[in-house]
Amino acid sequence: MDKSWMHSDRRSKAYEFGVEAFLNFAVENLLTTTHIRCPCVKCVNLKLFGVGIIRDHVYFNGIDHSYKNWTFHGEPWEATTNASRNVEEDDGHSRYSFVSEEIDMDDNDFGDFGSDPYEFANVIVDGDQPVYPGCRKYTKLSALVKLYNLKAKHGMSDVCFTELLILQGDLLPEGNTIPTSMYETKKTLCALGLSYEKMHACPNDCILYRKEYEDSTNCPTCGISRWKEGKDSREL
């Protein structure tokens, strides 16, 4: 199927015809007009809408150019046999167990990949790329998780994190796979069913206020208060 329209001007006839062809393709394959994943740059196939809303989104927001294989809309998955075999052998969870360890998740946070193996396989293929050509220590996904963990640990704003990604991309060799925005980072992690939860931490980095310490008001190690004094004496 011709997908060149995805890069056309959104005011052009080529884009208009392409959008309609895409929507017709999706409806014919999914047999629904009300529960279709929206491929616009804001929804990135994470939200379900009817045909009319998707049409508006694709016009106003633009279509996600990285969505080259329309697996969410009925197109057969195009990937290597090796990638498919790896998904079956590793069953997903063992392959990326380091992800849950890095950002403190349990198995339930991975979501139900069994219901959509194409989605998970696509993430594996993309995440297994070296962070730059020839790098053996980090893949795109492992580097991304490390960076995202720093964001959560040190309370970086989205703007700060985006600037850090851009700087990392400039510092690394040409052809590196570091995302260039918070949007791309969230897109990758959301495809894996991952998220992060903000937690209070001891100012001296002794503990996180979670599990048995969730309701504590002082650090059991150093004794410092969980709260810093403010107008209401409960300021974080």
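## Salt bridges

A salt bridge is taken here as a side-chain nitrogen of Lys or Arg within 4 Å of a carboxyl oxygen of Asp or Glu. The structure is a predicted model, in which local features need pLDDT of at least 70 and side-chain atom pairs count only at pLDDT 80 or more, while totals for chains, interfaces and linings use all residues. Residues are numbered from 1 along each chain as its sequence is written, and side-chain values use heavy atoms, with hydrogens and water left out.

The structure holds 5 salt bridges, and one of them joins the side chains of K13 and E16, with 3.4 Å from N to O. These two residues stand 3 residues apart in helix α1 (residues 13-30), so about one helical turn separates K13 from E16; helices are DSSP runs of H or I with at least four residues, numbered from the N terminus. K13 is exposed at 54% relative accessibility, whereas E16 is partly exposed at 31%, where buried means under 20% relative accessible area, exposed over 50%, and partly exposed in between (1.4 Å probe, protein chains only).

## Two further charged pairs

R55 and E20 also form a salt bridge, their closest N and O atoms lying 2.8 Å apart. This pair links distant parts of the chain, since R55 belongs to helix α2 (residues 51-60) and E20 to helix α1, 35 residues apart. R55 is partly exposed at 27% relative accessibility, and E20 is partly exposed at 27%.

Another salt bridge connects D9 with R11, with 2.9 Å between the closest N and O atoms. D9 is partly exposed, at a relative accessible area of 38%, while R11 counts as exposed at 75%.

## Aromatic contacts

The structure holds 7 aromatic pairs, counted where rings of Phe, Tyr and Trp (its six-membered ring) have centres within 6.5 Å, with planes under 30 degrees apart called stacked, over 60 edge-to-face and the rest tilted. Among these pairs is that of F22 and W70, which is edge-to-face because the ring planes meet at 80°, with the centres 4.9 Å apart. F22 lies in helix α1 and W70 in the loop between α2 and α3 (81-90), so the pair ties together parts that are 48 residues apart in sequence. F22 is buried with a relative accessible area of 2%, and W70 is buried at 0%.

Ring pairs join W5, Y15, F22, F25, Y59 and W70 into a cluster.
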